Amino acid sequence: MYLSAIICCVVITTCIEARGTPPKISIPQGNNWPKPLEYIRKGNNRTFSCVATGSAPLKYEWRFNGEKLNAREKEARFDPNTGSLFIGEYFNEQLTGDYQCVVSNEYGTSMTPYLRIAATVANAFPGGDGLFPDNVEAYRSNYLKMDCINVPKSVPAWTFNWQRGKMVANTLSDTNPVSVGERMIIDPNGSLHFLWVEMSDNGYIYACETKNEIILMDVRNTHTMKLNVQSGTERDRTPELKYSSDVTVMAGDTAELTCIFTYYSSRGEKLDITWTFNNKEVGHGSMLRLPNIKVPDQNQNSEGEYVCEAKLGLLQPVRGKVNLKITAPPDFIRNKAPALTSVPVGQDAVFHCGATSHKSYMKPPVWMVNSKPLIGCFPNHFDCGASGDGFSYCIPDKQVCDSNPDCPNQRDEQNCGVTITCGEGTKPCKGHCISVASECPMVMPTCTFPGFGCDNNKSCLQGNQVCNGKNNCGDGSDELGCAGGAVIERGQFRLNSERTELTLPKVKMENITCFQCLVQNEYGVLFGDGCLTPIDKIKLTIPPNDTYYTQPDSVINVGVDATTDVDWMNQMAFKWYWYRPKVVESGPNEGQEIIVREQLPPTDMYRDYFSVSLSGKNLTITIPKVDREASDKTQYDLYNVLTTDRLFQVVVAHKYDSVERNFTVTGEKVEPPIVKPVVTTASFNLWFIALILAILILFIVIALIVCYMYRNRGGTYLLDKKEKQAGNNPVEELKNDGFNDVGRIGDDDYNDAPDTEKLSLSESVKPYDSDEDITEEYGGDFDVSKFNEDGSFIGLYGDRKSKYGNESKEATV
């Protein structure tokens with residue numbers, strides 16, 4: 001077993017090595033230079049590193065403007081073993097250009113983007129020694145402008161300042177920088193503006209001075225000016241715009257917008273300059289700085305018209321305008337750049353080169369296979385067309401229309417205009433004769449977007465003339481890379497008409513290849529690099545059965561296994577799905593039953609019937625039992641959902657490949673359960689008893705409250721009541737008969753008797769059943785002889801004992 005494992009490892013290692021890997025550039029990191037432009041100071045040495053990984057041996061090469069670098073050792077050279085580029089002390093302007101590192105092995109070729117390396121230049125001002133300055137006359141309080149003339153070449157561009165001093169012994173001395181601020185301003189072209197001249201400026205000699213920020217060297221102009229200020233009448237002047245200029249800036253750089261207003265206020269009023277963009281205030285002062293300008297998108301846009309407004313006291317404001325234009329090289333669309341790609345054998349390999357360009361036309365992408373142009377050519381090269389192997393044949397632009405055919409099909413000497421005959425030692429160039437030793441320069445017509453510049457440099461078309469199906473340029477460049485055209489076949493490769501997609505059909509294991517694409521517009525070049533690695537497909541070594549037959553109360557175990565490319569064996573994932581019925585809960589199909597694909601194990605009521613192993617290679621399905629004597633059909637319905645030719649699926653996949661296999665589960669037919677009626681024993685619900693008790697308690701409480709209120713209400717004795725019912729007034733009768741001093745029974749002495757008691761005159765308590773029975777009211781020993789005919793009594797009510805001892809109460813008439 002141990003020996004087998006060793007043999008397996010050796011075989012795998014051998015396979016990997018046999019397949020090999022193409023170069024992958026690791027330095028610069030991410031195959032992207034930190035800065036696309038590098039300046040070289042004269043006399044300085046620099047080293048640029050290029051490192052790649054991949055199957056050995058790796059061979060390095062640096063190209064200059066698309067061709068192998070071939071310069072003297074102390075100018076520029078490279079090491080083919082380490083990939084380092086050495087810039088020597090004699091590096092010069094002739095070597096300024098685009099450099100590219102190319103790394104190759106037997107499995108492919110990779111390339112870096114272009115790195116532009118430029119020699120710094122800081123030439124001196126021409127002219128004399130500045131001993132005889134020009135005289136400049138100006139009146140006090142007036143505006144004055146001094147130009148910086150004869151500005152020499154500088155790489156990078158100069159920055160400007162001004163010096164002023166006195167001429168002492170024919171020498172400009174005691175010089176000091178001009179203080180730029182409220183009264184004096186330097187514009188981007190180097191001119192010095194005096195918003196107003198003062199007498200203190202008189203007699204000084206002024207000279208512009210330039211500075212190269214790389215060399216850190218100041219160069220003073222030999223042309224000087226002496227300012228003579230005359231004292232005229234001081235007059236207040238309203239603001240007046242003297243300088244404003246549109247600005248074009250490359251994305252990522254800082255834009256500087258300038259508006260210069262002249263004015264004069266004898267009262268010392270200050271000029272207030274405000275900048276607005278899209279009616280929003282963005283700055284103050286003569287200069288507006290906008291750092292790190294970005295290409296406009298849906299979130300921001302700094303491009304457009306900026307308004308500078310100058311206010312002086314209560315005077316009418318004066319405005320100027322500066323248009324800001326943003327330029328940028330092409331940029332890749334997200335996920336549309338060439339990339340390292342692995343493709344299973346037999347499938348198509350597809351590489352993308354989709355880019356965008358801000359307000360500029362892009363040329364169709366140039367595709368290279370292992371650094372060899374497949375369609376199109378490097379910048380500054382001419383495409384002669386496809387050669388016998390399907391690849392493009394390219395020559396330098398300087399060889400086009402030089403009366404010397406360099407293309408096999410002589411295409412480089414076609415459409416060159418009028419043919420002229422030049423004398424010995426000269427050659428034709430764009431209709432003229434030039435020295436044989438001279439290069440024929442490329443002359444581009446002025447063409448601003450949305451105008452389109454033809455490749456032959458002869459025409460500038462309108463935007464609607466591009467890709468309209470007509471050859472308006474004459475060389476067909478306006479119809480290249482248009483959408484909707486025919487597929488382009490180049491050898492074994494296939495491209496869409498826009499050249500944004502390259503396809504290698506039905507990849508084979510030997511198709512280890514690197515692809516490069518290049519997109520350019522008038523502002524720069526975009527480069528992408530990606531390699532293809534063919535890999536073995538995923539193969540199911542243990543597939544699932546087509547159908548699993550089952551029955552109630554059983555378990556199904558489904559196991560699978562697969563193999564793939566050795567680099568992706570550990571990245572394979574096994575996922576299980578089933579197609580189950582489900583009721584639509586909302587929408588136009590609400591309530592309808594549909595079949596949906598759902599990953600296993602599910603998260604609903606079916607989760608207890610599925611389990612997936614930790615490796616994902618095994619699925620266990622538990623089939624429920626079905627009880628014929630069950631009280632409902634729940635288990636029966638569940639059984640049918642799981643086993644009625646239910647479709648299942650296993651998916652084995654990694655990043656670059658996937659395999660699917662379907663299988664079904666079929667259960668034996670089961671009769672539905674016999675649902676017996678359920679007899680429920682009658683019972684008296686406790687809640688109903690509690691409700692009755694609560695109602696009884698409520699009634700009792702209400703009765704007690706009523707009784708209490710009735711007892712404490714006070715009232716009239718029954719005798720009075722009977723007397724009043726008979727039409728008599730007992731109170732008046734007692735008053736008239738002299739009995740006012742005697743209170744009625746019950747007024748004081750019987751306050752403790754309940755109001756509801758029925759009392760006789762002898763204070764005995766005896767309830768009676770009826771108000772109509774007089775014997776009830778006056779006692780059981782009723783004697784009619786003791787009453788008059790009208791019902792009034794003439795004697796004692798009855799012989800009864802008082803509760804107050806032996807006293808008796810008598811009424812004498």
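**Close-ups from a predicted model**

**View A. Strands β29 and β30 sit side by side.** In this predicted model, β29 (residues 304-311) and β30 (residues 318-327) run antiparallel and are joined by 7 bridges. Look for Glu 309, which stands opposite Arg 319 in β30.

**View B. Here is the sheet that β29 and β30 belong to.** Five strands make up this open, mixed sheet, in the order β24-β30-β29-β26-β27. The edges go to β24 (247-250) and β27 (280-284); each has a single partner strand, so one side of each lacks a neighbour in the sheet. Going from one strand to the next, the twist averages 30°.

View C. Pro 156 belongs to the loop between β15 (154-155) and β16 (159-168).

**View D. Asn 335 and Arg 499 both have positive phi.** Neither residue is a glycine, yet phi is near 65° for Asn 335 and near 65° for Arg 499. Asn 335 is in the loop between β31 (331-332) and β32 (341-344) and is exposed, at 66% relative accessibility. Arg 499 sits in the loop between β44 (493-495) and β45 (501-504); this one is buried, because its relative accessible area of 10% falls under 20%.

**View E. Met 605 is out in the open on a loop.** You'll find Met 605 between β53 (593-599) and β54 (610-612). Met 605 is exposed, with a relative accessible area of 54%. Leu 638 is 33 residues apart from Met 605 in sequence, and their C-alpha atoms are 9.8 Å apart in space.

Conventions. Residues numbered from 1 in each chain as written. Predicted model: local features only at pLDDT ≥ 70, side-chain atom pairs only at ≥ 80, totals over all residues. Heavy atoms only, no water. Helix = DSSP H or I, 4+ residues; strand = E, 2+ residues; numbered from the N terminus. Buried < 20%, exposed > 50% of the residue type's maximum accessible area, 1.4 Å probe, protein only. Pairing = 2+ DSSP bridges. Axes fitted to C-alpha atoms, helices over the stretch in contact; angles between N-to-C directions.
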